[in-house]
Amino acid sequence: MKVLRSADAGRSWRVDAQVSKALADVLDTRGWNDPSILVWFSPQIGLAAGSLGSRVLRTADGGMSWRSIPLAEDLFVYDVERLGSRAWLCGSSGHIFRSDDAGASWRRLKGSPFDGDDRCMDMSFLNPEKGWAVGMNGSVWATEDGGENWQRLSSPELSPFTDLGGEHPGELRHVVRLAPQVAWVQGSGGRFLTEDGGRSWTAKPKAAGEDSAALSVARTEDGRRVVSVGPLEEKAPEGLWIPLMANDGDVVSVGEDTAVVLRESELFTYALGQLVRAGPPVRKGAGALTPLEGIARKNPRAWLGWAGTQVVSSHDEGQTWFRVGRVPEQTLRAFVFLKGNAVLAESGQGSLLRSNDFGRSWAPTAEPVDGYDFAVLSGRRPVPASPFACVLTTSPASLTVHFGILGCFSPPMGMLSVSMSPDGAEFSGTLPSRRPGVPETLTFGPRGYSREEGERLIRALWEDAIFQETQIDCGSTAAHTVIIEWSCPSGPIQEGKMSLLSSVCSPFGHEGYARARGVHDTALEALKATASP
């Protein structure tokens with residue numbers, strides 16, 4: 001646990017060792033020890049919340065010491081909002097808590113409209129009495145008395161989604177209220193704007209270039225600072241700015257006109273709508289030319305280079321560079337970029353390395369999909385055949401897909417098994433059941449199919465696993481997980497295993513594709529067909 005401190009409006013940062021140690025000392029090892037939210041009422045009074053069980057942490061001396069403030073129940077805190085000395089928090093339990101003394105004590109409000117299913121995900125208050133909140137199942141609520149009572153508003157049109165637990169309504173995860181009649185929400189169906197106090201909603205898809213737009217700090221009519229995407233006209237109506245939603249990164253406004261956003265391990269500082277600093281929070285660029293053996297460019301703000309085993313990054317088109325990590329093998333030949341912060345590198349010895357944090361840490365990878373991606377994106381290697389091609393060419397052979405969702409209250413994994421023989425195929429498997437009075441998992445099959453149908457399913461699973469992924473803009477904490485295992489009597493790869501992981505918000509109204517979701521859906525549909533009479 002590290003706490004960073006800035007004394008120059010976010011231009012430079014240092015690790016505050018004393019505050020970091022003080023915060024670590026009050027954490028425990030019960031599993032409830034992740035203070036993912038840090039809120040300051042003043043330079044001296046601050047609050048840490050998140051996965052801390054039935055408590056929050058409070059400091060009254062600028063972080064030099066912390067004490068536990070009890071809550072009435074265990075919960076994972078998703079959001080903390082404050083106005084003056086009043087604050088609200090909510091999360092996984094569905095209850096809303098309020099403090100009227102800058103976090104020194106908390107009271108559970110009796111009128112919460114949420115529960116453990118439709119959990120409170122985010123809140124936004126115009127003043128200490130008037131605020132809105134959104135729920136995981138797409139509900140939108142308003143309060144006129146500081147959260148004591150809530151009235152339901154209309155919800156934007158969200159596409160439902162289906163997982164192993166059945167069909168669910170669309171999710172909402174973020175709300176920003178700019179004025180009494182103007183607010184934005186964001187969730188599984190994208191981003192929506194209301195200009196009539198929540199009576200109607202208009203979908204507002206992202207504009208071209210918006211993800212790389214500079215950030216500005218705008219002020220609402222009641223004096224609150226809101227970080228906005230792109231430049232602001234001095235007198236632009238509030239409904240025309242686009243507030244930065246929380247899943248775009250951990251963002252905070254510093255002073256009157258500066259916004260600081262932390263995306264993964266990179267910190268960006270914007271002043272008066274201009275990017276003035278980018279890079280690791282506590283490292284400074286050398287400002288000098290560095291001899292590099294190679295450079296790879298993902299976009300104008302994301303370059304990687306290398307010299308020997310040292311990997312460096314630049315966020316200003318090569319003007320300054322930061323040391324970010326070292327590879328475990330001597331020299332490199334090439335980089336390729338995958339979605340998010342994943343990078344593949346070919347070493348001088350010909351092995352393949354993978355980093356999931358944009359070059360900071362590296363490890364050898366033998367994942368078949370990584371080899372395929374590197375060959376396709378770099379053009380340096382022949383494109384490999386499907387690693388489980390032997391299931392198609394030899395028999396008896398088998399392939400098994402384990403699939404499910406990881407997250408809060410996850411059901412058991414499902415399983416699809418395909419057995420191939422010279423003259424046919426058999427499908428069988430299990431699905432979790434949530435119906436009362438039945439076993440936790442239901443078993444289907446085996447059911448006979450032609451060999452052609454078996455081969456068609458195996459090819460479809462491989463196509464799903466290699467279809468080019470795109471970045472999905474989503475802050476979901478749950479993920480689709482897939483594990484494919486195969487076994488053959490002969491062939492170049494007689495047995496093997498591959499794993500895929502992706503956020504459950506794909507596709508959920510977002511443009512894009514995630515491999516784990518593709519394989520998950522194909523396996524689920526095949527198993528449903530096997531279960532049908």
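Me: Why is Asp100 called partly exposed?
Reply: Its relative accessible area is 40%. Buried means under 20%, exposed over 50%, and partly exposed lies in between (1.4 Å probe, protein chains only). The value of 40% falls in between, so Asp100 is partly exposed. This is a predicted model: local features need pLDDT of at least 70, side-chain atom pairs count only at pLDDT 80 or more, and totals for chains, interfaces and linings use all residues. Residues are numbered from 1 along each chain as its sequence is written, and side-chain values use heavy atoms, leaving out hydrogens and water.

Me: What makes Arg86 and Asp100 a salt bridge?
Reply: The closest N and O atoms are 2.7 Å apart. The rule asks for a side-chain nitrogen of Lys or Arg within 4 Å of a carboxyl oxygen of Asp or Glu, so the pair qualifies. Arg86 sits in strand E8 (residues 86-91), Asp100 in the loop between E9 and E10, 14 residues apart.

Me: Is Arg86 buried or exposed?
Reply: Buried. Its relative accessibility is 15%, which is under the cut-off, so the label holds.

Me: How do you know that Asp100 also bridges to Arg98?
Reply: Their side chains meet at 3.2 Å, N to O. That is within the limit, so this pair counts too. Arg98 has a relative accessible area of 9% and is therefore buried.

Me: Why does the pair of Arg98 and Glu148 count as a salt bridge?
Reply: The N to O distance is 3.7 Å. Arg98 lies in strand E9 and Glu148 in the loop between strand E13 (140-143) and strand E14 (151-153), so parts 50 residues apart in sequence are tied together. Glu148 is partly exposed, at 25%. Shared partners join Arg86, Arg98, Asp100, Arg107, Glu129 and Glu148 into one network.

Me: How many salt bridges does the rule give?
Reply: The count is 20.

Me: What makes E9 and E10 paired strands?
Reply: Strands are DSSP runs of E, at least two residues, numbered from the N terminus. Two of them pair if DSSP finds at least two bridges between them. Two bridges join E9 (residues 96-99) to E10, so the antiparallel pair qualifies. Arg98 has Arg107 of E10 as its bridge partner.

Me: Which strands stand at the edges of the sheet?
Reply: The open sheet has the order E7-E8-E9-E10, paired antiparallel. E7 (77-83) and E10 (107-108) each have a single partner strand, so one side of each lacks a neighbour in the sheet.

Methods. Helix = DSSP H or I, 4+ residues; strand = E, 2+ residues; numbered from the N terminus.
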